[in-house]
Amino acid sequence: MKKIEAIIKPFKFDEVKERLAEIGVHGMTVTEVKGFGRSGGKRELYRGSEYVLDFVPKLKLEIVVPAARVPEVVQTIVEGAATGNIGDGKIFVTPVEEAVRIRTGERGERAL
């Protein structure tokens, strides 16, 4: 099993969620996060003065899938989240050693 963490622009969430549902991915955890990458934040103008927002609002999606589904899920997120502009986000894939469904005690992929 693998955990896919995707950091995306908030306005792209609905499109990503719909695309994931189309390929059979329905479970995920979504968290509102803030951060910045190479661009170092975003410049804004307020009452004639320029300032930098150090941390840009994003959404973090966490999805655990069988290892064989990773390429399909990652590609689906890329297609749904991409705008072609700086700050589209990142995707990280890490191994998951175990999953347990608390209600039933199921383990491994059956718990997903």
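Glu-62 is found in strand E5; helices (H or I, at least four residues) and strands (E, at least two) are DSSP runs, numbered from the N terminus. The model is a predicted one, in which local features need pLDDT of at least 70 and side-chain atom pairs count only at pLDDT 80 or more, while totals for chains, interfaces and linings use all residues. Residues are numbered from 1 along each chain as its sequence is written, and side-chain values use heavy atoms, with hydrogens and water left out.

With a relative accessible area of 18%, Glu-62 is buried; buried means under 20% relative accessible area, exposed over 50%, and partly exposed in between (1.4 Å probe, protein chains only). Contact is taken as heavy atoms within 4.5 Å. Leaving aside neighbours within four places in sequence, Glu-62 is in contact with Lys-3, Ile-4, Glu-5, Met-28, Thr-29 and Thr-31. The C-alpha atoms of Glu-62 and Gly-89 are separated by 14 Å, and these two residues are 27 residues apart along the chain.

One of the contacts of Glu-62 deserves a separate description. The side chains of Glu-62 and Lys-3 meet in a salt bridge, at 2.9 Å from N to O. Because Glu-62 lies in strand E5 and Lys-3 in strand E1, the pair ties together parts that are 59 residues apart in sequence. A salt bridge is here a side-chain nitrogen of Lys or Arg within 4 Å of a carboxyl oxygen of Asp or Glu. Lys-3, at a relative accessible area of 24%, is partly exposed.

Strand E1 (residues 2-8) and strand E5 (residues 56-65) pair in the antiparallel sense over 7 bridges, where two strands pair if DSSP finds at least two bridges between them. Within this pairing, Ile-7 stands opposite Lys-60 in E5. The open sheet has 4 strands in the order E2-E5-E1-E6, with antiparallel pairing. Strand E2 (29-35) and strand E6 (89-95) stand at the edges with a single partner strand each, so one side of each is left without a neighbour in the sheet. On average, neighbouring strands of this sheet are turned by 20° against each other, direction ignored.

Two helices accompany these strands. Helix H1 (residues 13-22) packs on the sheet and touches E1, E2 and E5, its direction making about 10° with that of E5. Helix H2 (residues 70-81) lies across E1, E5 and E6 and runs at about 5° to E1. For such values, axes are lines fitted to C-alpha atoms, for helices over the stretch in contact, and angles run from 0 to 180 degrees between N-to-C directions.

The count of salt bridges comes to 9. Among them, the side chains of Glu-72 and Arg-69 meet at 3.0 Å, N to O. Glu-72 is partly exposed at a relative accessible area of 37%, and Arg-69 counts as partly exposed at 23%. Another salt bridge brings together the side chains of Arg-101 and Glu-106, at 2.8 Å from N to O. Arg-101 has a relative accessible area of 27% and is partly exposed; Glu-106, with 25%, is partly exposed.
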